[in-house]
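Let's take a walk through this structure.

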Amino acid sequence: MSETTATRLAIIAGHGTLDAAYPPLILATAAVSMDMEAAIFFTFYGLEILKKGNADKLKVPPLANPAMPQPLPGFSVPNVVGVLPGMTAVATGMMNSWMGKAKVAKLSELLEMAVEFDVRLIACQMTMDVMGIKKEDLIDGIEIGGAATFLEYASQNAIALAF
Amino acid sequence: MSETTATRLAIIAGHGTLDAAYPPLILATAAVSMDMEAAIFFTFYGLEILKKGNADKLKVPPLANPAMPQPLPGFSVPNVVGVLPGMTAVATGMMNSWMGKAKVAKLSELLEMAVEFDVRLIACQMTMDVMGIKKEDLIDGIEIGGAATFLEYASQNAIALAF
Amino acid sequence: MSETTATRLAIIAGHGTLDAAYPPLILATAAVSMDMEAAIFFTFYGLEILKKGNADKLKVPPLANPAMPQPLPGFSVPNVVGVLPGMTAVATGMMNSWMGKAKVAKLSELLEMAVEFDVRLIACQMTMDVMGIKKEDLIDGIEIGGAATFLEYASQNAIALAF
């Protein structure tokens, strides 16, 4: 057995909610700061993150997440309230406000940083076909690829993670 | 430090929704096409994918997924509408229709392909015990195993991913 | 190309629901039983698992999970029923009852076992800042770290998985 040090980070981003979009971008930019390479493969709803002007519009679902801290401490919001049309906005506003107070970069800023850091941002061809998304709908500086593109990248000395 | 090329793909499939079931099967069959080995460990709700006759009945949740494209472009469906009993069917029908138009194989077809390609399909013993699922409830050609089965497989030159 | 055997398991736990909390703890304790090292990085809602006295209070979302087995076999609960305030309790009670019948350890027991087994439990600094969580809010025996802590650990002969 030999020792191996991973030199790349290979991430699959498959969800398009605000909370799910942060980890891939935070980890990829952190990896580059540590002198690793990084690539993110955006597939299914994850492609929402790459749509032009969309990164800062992603939302937090207030439903189906019993672990979501409640807007008022000690006051539990039952699911039925989470269903009211305004609650997605409340949950999303809350997370954006938390992020701002903790001086965490906005998603659009992390995305720009990722492009500057030469993180490979790969849009899933099959998802684009399935959902009718065109290359011009997506931000500049990305490439288009498939499962094989991801697997080839991930097969060489990589930490691979799916979100 | 030595260079290492992964020769296997080790996947955990833990969700039983239609959108969550595709990535493990697409990646595993792609890996075999690239001369890699592949195994999928089906656990928790992921076992739904292996239930006899169930693969093409999996559904897309319309709720709690603000990134889900809306049925009518430009017309946003608030959560409260997603709750109406018919909306799971609408979201599921939409995704099936997209997949069909893009000539993506049905889940049952991908599952058959995985069996033909000798992808190891491993059903989680503990989940079967917990949920009262019997081997005869599951499709043919699978094996039953535990966390150790997965970890042993994943520890040898593998790309490991959890969905 | 050389053969490599992973000697560690590096997990990201990013969700705080009961069903999402089990896999990281089951896999980490299984890994130690197999003479591997293990670390779990708790981030975003995953931090709920580490909050003092909280592990056995985590809930199962009944919504947005069409694969969730229904309380009454053959009787399908539409989403609209899942929204009723009591349904989270029903789904959570069901899963706890299943787990008990199958003699699966409670989450708090798995967490204690992980501490005894020297699994590194790492709370995400950024999430603590963002959500205003203090070290004294979390169980004893953990450490605090960031994305770099996780990536360093995961880069050395590890199976890496994100949940």
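Start with Asn54(C), which is buried at a relative accessible area of 16%, since the cut-off for that label is under 20%. Bear in mind that this is a predicted model. Asn54(C) lies in the loop of chain C that runs between strand 2 (37–42) and helix 2 (79–82). Where does its side chain go? The side chain of Asn54(C) reaches the backbone oxygen of Glu48(C), at 2.9 Å.

Now hop over to chain B and look at Asp56(B), in the loop between strand 2 (37–42) and helix 2 (79–82) of that chain. Asp56(B) has a relative accessibility of 36%, so it counts as partly exposed. Leaving aside residues up to four places away in sequence, Asp56(B) touches Lys106(B), Leu107(B) and Ser108(B). With Ser108(B) there's a polar contact too, side chain to side chain, at 2.5 Å. And if you check C-alpha positions, Asp56(B) and Leu18(B) are 8.2 Å apart, although 38 residues separate them along the chain.

Next comes the sheet of chain B. Five strands make up an open sheet in the order 4-3-2-1-5, with parallel pairing. Which strands sit at the edges? Strand 4 and strand 5 (158–162) of chain B do, and each has a single partner strand, so one side of each lacks a neighbour in the sheet. On average, neighbouring strands of this sheet are turned by 25° against each other, direction ignored. Helix 6 (residues 147–154) of chain B packs on the sheet and touches strand 1 (8–13), strand 2, strand 3, strand 4 and strand 5 of chain B. The direction of helix 6 of chain B makes about 150° with that of strand 1 of chain B.

Zoom in on strand 3 (residues 120–124) of chain B. Four of its five residues are buried, so this strand is largely enclosed by the rest of the structure. Strand 2 of chain B runs parallel to strand 3 of chain B, and four bridges join them. Within that pairing, Ile40(B) has Leu121(B) as its bridge partner, and Phe42(B) stands opposite Ala123(B). Strand 3 of chain B also pairs in the parallel sense with strand 4 (residues 143–145) of chain B, over three bridges. Here Ala123(B) turns up again, with Ile144(B) as its bridge partner in strand 4 of chain B.

Key. Residues numbered from 1 in each chain as written. Chains lettered and ligands numbered in written order. Predicted model: local features only at pLDDT ≥ 70, side-chain atom pairs only at ≥ 80, totals over all residues. Heavy atoms only, no water. Helix = DSSP H or I, 4+ residues; strand = E, 2+ residues; numbered from the N terminus. Buried < 20%, exposed > 50% of the residue type's maximum accessible area, 1.4 Å probe, protein only. Contact = heavy atoms within 4.5 Å. Polar contact = N/O pair within 3.5 Å; in protein donor to acceptor, adjacent residues only side chain to side chain. Pairing = 2+ DSSP bridges. Axes fitted to C-alpha atoms, helices over the stretch in contact; angles between N-to-C directions.
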